[in-house]
Amino acid sequence: MTKKLKSDIGLAVLRILPSAFLLSHGIPKLQKLLNGDFQFADPIGIGSTPSLFLAVIGEFICPILVIIGFKTRWASLPVVITMAVAAFIVHGSDPFGKKELALLYLMSFALIILLGPGRYSIDKK
């Protein structure tokens, strides 16, 4: 295997796996939204319904775009913002173990922004 091929496979894995794992958090929020249950935390003071809507974008819609590699860097940005809010505001006073998952997602999607989607994506960069 060439170095370029390994790099492209690595970028695909970095893109697809964290996005697929994040969907396990986004799908319940999407179902909540579709069922009309707008009860949700309001960590940044914009209201519970807009907060839920933004969480669905950051944890469901954008990870799907990242999985297929469409507008990957732009789609990763809402995820990074959502995970920063989760880690530093929602779980800000919690112990490290509570905010660790949000920080791992934040780091993964920040790396995707920096490195790009790779060859195995719709963006193909």
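Student: Which residue follows helix 2, and what is its phi?
Tutor: Gly69 follows helix 2, and its phi is positive, near 80°. Helices here are DSSP runs (H or I, at least four residues), numbered from the N terminus.

Student: What sort of model is this?
Tutor: This is a predicted model: local features need pLDDT of at least 70, side-chain atom pairs count only at pLDDT 80 or more, and totals for chains, interfaces and linings use all residues. Residues are numbered from 1 along each chain as its sequence is written, and side-chain values use heavy atoms, with hydrogens and water left out.

Student: Where does helix 2 bend?
Tutor: At Ile57, by about 35°. The bend is the angle between axes fitted to the seven residues ending there and the seven starting there.

Student: What do the buried residues of helix 2 pack against?
Tutor: They pack against helix 1, helix 3 and helix 4. Among them are Leu52, Val56, Glu59 and Pro63. Buried means under 20% relative accessible area (1.4 Å probe, protein chains only).

Student: New topic. Ser19: buried or exposed?
Tutor: Buried, because its relative accessible area is 0%. Ser19 is found in helix 1 (residues 3-34).

Student: What is Ser19 in contact with?
Tutor: Leaving aside neighbours within four places in sequence, Pro63, Val66, Ile67 and Phe109. Contact means heavy atoms within 4.5 Å.

Student: And what does Leu22 touch?
Tutor: Its partners include Gly58, Pro63, Met83 and Phe109, not counting residues up to four places away in sequence.

Terms used:
Helices (H or I, at least four residues) and strands (E, at least two) are DSSP runs, numbered from the N terminus. Buried means under 20% relative accessible area, exposed over 50%, partly exposed in between (1.4 Å probe, protein chains only).
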